[in-house]
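This report describes a single protein chain for a reader who has not seen it before. The sequence and the structure come next, and the text follows after them.

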Amino acid sequence: DLISNIPFSSDFFTINPSALDGNGNLTSNEIVIMFDLANAVTTTTGLFEFNTLDDVYANGLLESLFDSNILMSYASNAIQNEALQAYLIEVANDRQDIATVPSTFVELDAALLDANGFVLVSEFEALADVVYVLGLMDIDTVRQMMSDLMESPSIATALGLLRGYAVSDDFDNQRIDVILDSNIVYTVIGQYLDNENLDNIVLPFLPEALVDLFGNVDLGVPSDLKADEGFSVDYITREELKALLTAITYVPVDLTALDDNVFNYITDLIGENVNADTNEDDLDRFLASGYLREKLSRLFLSEAVLGLFDETSESFNLPSDSFVVVDGQRRLTAEELRNLVEAFAVLEITTIDELDFSFEVFTALTRAERETVLASAYLYAVVDGLIQNQQSVAIPDEVLAVTGEITQEEILAVIEAVELLDITDVTSLQAVIAGLDQNDVNDAAILQLLEDLDSGIIDSLLTLLP
């Protein structure tokens with residue numbers, strides 16, 4: 001099928017001038033290398049076996065392959081052949097529906113080519129390291145991978161390659177280091193992340209509730225996560241790309257099966273695969289990626305989500321230490337996003353729609369749970385807005401911090417008052433308190449409890465009683 005679909009031409013067999021002598025003939029060294037290579041990859045029976053490659057590589061015997069300018073020329077011709085690239089991309093798109101591979105997926109950066117336009121030998125050496133570390137020189141692993149991909153073509157299966165088909169305690173992900181040492185792999189992924197069609201690749205995986213929200217989010221790489229590493233353009237840094245690949249390999253979800261309970265997949269990372277030395281868990285690894293922090297921030301600070309709380313990007317007041325500004329956009333810190341995720345776990349928020357909550361949800365929590373929620377500057381700002389944006393209860397100046405938000409002690413006291421009065425929001429406070437009879441034993445007890453809260457807001461309402 002491959003041969004019948006690829007129009008072979010002389011281009012496949014063009015040889016790098018470095019393999020030829022002054023008369024245009026192969027150098028004697030090239031011929032010797034070919035004999036050495038034949039000896040290296042054959043067994044005692046004289047027959048080549050696939051698994052021989054594993055031992056050949058491990059023993060460093062593939063060096064003769066990389067020393068052969070002839071074979072490196074053929075390999076370079078193949079990897080750069082447009083017809084072959086187009087065919088392989090067509091096959092990849094036809095045989096899976098995970099993502100649409102763009103036509104530019106395997107365009108090589110000019111920095112990866114020598115003066116004659118051939119791929120640098122060092123790049124093929126790095127690719128061999130990638131193939132070896134992924135276990136693809138072992139026929140049993142290749143068969144298992146192909147079987148898995150045919151049975152369940154999914155991103156989760158593909159990511160299994162990065163972690164060796166099982167999440168291990170390799171928290172430094174040294175396998176990914178080897179993968180990203182290949183400039184070809186690094187630049188191809190870098191191009192993919194900045195591809196103008198990335199939205200069309202990612203959005204089909206998302207639940208309908210998220211498609212509209214992320215549809216207006218730029219999924220490209222922000223400027224602070226790019227670096228000049230000597231290529232034709234600035235790609236995502238290797239450090240950040242490693243953090244991103246590490247993050248997604250630990251997320252226990254098949255993107256093709258993602259449903260509306262999207263936040264479950266993130267809260268489930270809390271306390272998983274804890275590193276005994278650093279105490280980091282999978283959530284820490286997930287949030288170590290600046291790219292993911294930026295996209296989550298774009299989601300939570302979007303007009304669509306802030307609108308659920310009757311806020312706008314201009315009105316939503318966040319403490320300055322909970323975010324940084326990059327490319328004119330606020331990005332929540334890793335600490336703040338962790339606090340937010342832990343708050344979601346307490347509030348049992350699993351879907352976007354559940355973000356549209358009322359003040360009532362806080363009264364059902366214990367004090368410790370309320371403090372966990374308010375540890376998130378984002379949700380603190382939401383609760384502060386729920387209190388300050390209502391018009392029925394005046395907010396005394398003394399309960400406000402110098403930066404304008406209500407103090408945490410005051411918010412906790414107001415929540416306790418709402419719970420004590422068995423009401424659902426702040427707007428009913430004044431009417432309910434005004435309806436209490438100081439001469440009634442039960443009401444008098446409630447009034448005493450309200451006074452004991454030492455709340456400036458509640459005390460201001462108590463002073464209105466006759």
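Helices (H or I, at least four residues) and strands (E, at least two) are DSSP runs, numbered from the N terminus, and two strands pair if DSSP finds at least two bridges between them. The model is a predicted one, in which local features need pLDDT of at least 70 and side-chain atom pairs count only at pLDDT 80 or more, while totals for chains, interfaces and linings use all residues. Residues are numbered from 1 along each chain as its sequence is written, and side-chain values use heavy atoms, with hydrogens and water left out.

**The β3–β4 hairpin**

Strands β3 (residues 323–326) and β4 (residues 329–332) run antiparallel and are joined by four bridges. Phenylalanine 323 has leucine 332 in β4 as its bridge partner. Two residues lie between the strands of this hairpin, and aspartate 327 has a positive phi near 55° there. Arginine 330 lies over the face of phenylalanine 323, 5.6 Å from the ring centre; a charge sits over a ring if NZ of Lys or CZ of Arg is within 6 Å of the ring centre and within 35 degrees of the ring normal.

**The chain as a whole**

The chain has 26 helices and four strands. Of its 466 residues, 44% are buried, where buried means under 20% relative accessible area, exposed over 50% and partly exposed in between (1.4 Å probe, protein chains only). Contact means heavy atoms within 4.5 Å. Among contacts between residues at least 6 apart in sequence, 68% join residues at least 24 apart.

**Aromatic pairs**

Rings of Phe, Tyr and Trp (its six-membered ring) pair if their centres lie within 6.5 Å; planes under 30 degrees apart count as stacked, over 60 as edge-to-face and the rest as tilted. Ten aromatic pairs are found in a search of the whole structure. Tyrosine 186 and tyrosine 235 have ring centres 6.1 Å apart and planes at 80°, so this pair is edge-to-face. Because tyrosine 186 lies in helix α11 (residues 183–193) and tyrosine 235 in strand β2 (residues 235–236), the pair ties together parts that are 49 residues apart in sequence. Phenylalanine 300 and phenylalanine 344 also form an edge-to-face pair, at 5.7 Å centre to centre and 75° between the planes. Phenylalanine 300 is in helix α17 (residues 290–300) and phenylalanine 344 in helix α19 (residues 334–347), so this pair ties together parts that are 44 residues apart in sequence.

| Residue | Relative accessible area | Class |
|---|---|---|
| Tyrosine 186 | 0% | buried |
| Tyrosine 235 | 5% | buried |
| Phenylalanine 300 | 4% | buried |
| Phenylalanine 344 | 2% | buried |

The charged end of arginine 238 sits over the ring of tyrosine 186, 4.1 Å from its centre. Ring pairs also link Phe263, Phe300, Phe309, Phe316, Phe344 and Tyr378 into a cluster.

**The nonpolar core**

A nonpolar core is a set of buried Ala, Val, Leu, Ile, Met, Phe, Trp, Tyr and Cys residues joined through side-chain atoms within 4.5 Å. The largest one has 95 residues, and Phe300, Tyr378, Leu379, Leu429 and Leu450 touch the most other members. Leaving aside residues up to four places away in sequence, leucine 450 touches Ala417, Leu420, Leu421, Ile433, Leu436, Ile458 and Leu462.

**Positive phi in two loops**

Asparagine 273, which is not a glycine, has a positive phi of about 50°. Asparagine 273 lies in the loop between α15 (262–267) and α16 (282–287) and is partly exposed, at 32% relative accessible area. Glutamate 348, also not a glycine, has a positive phi of about 60°. Glutamate 348 is in the loop between α19 and α20 (360–363) and counts as exposed, at 62% relative accessibility.
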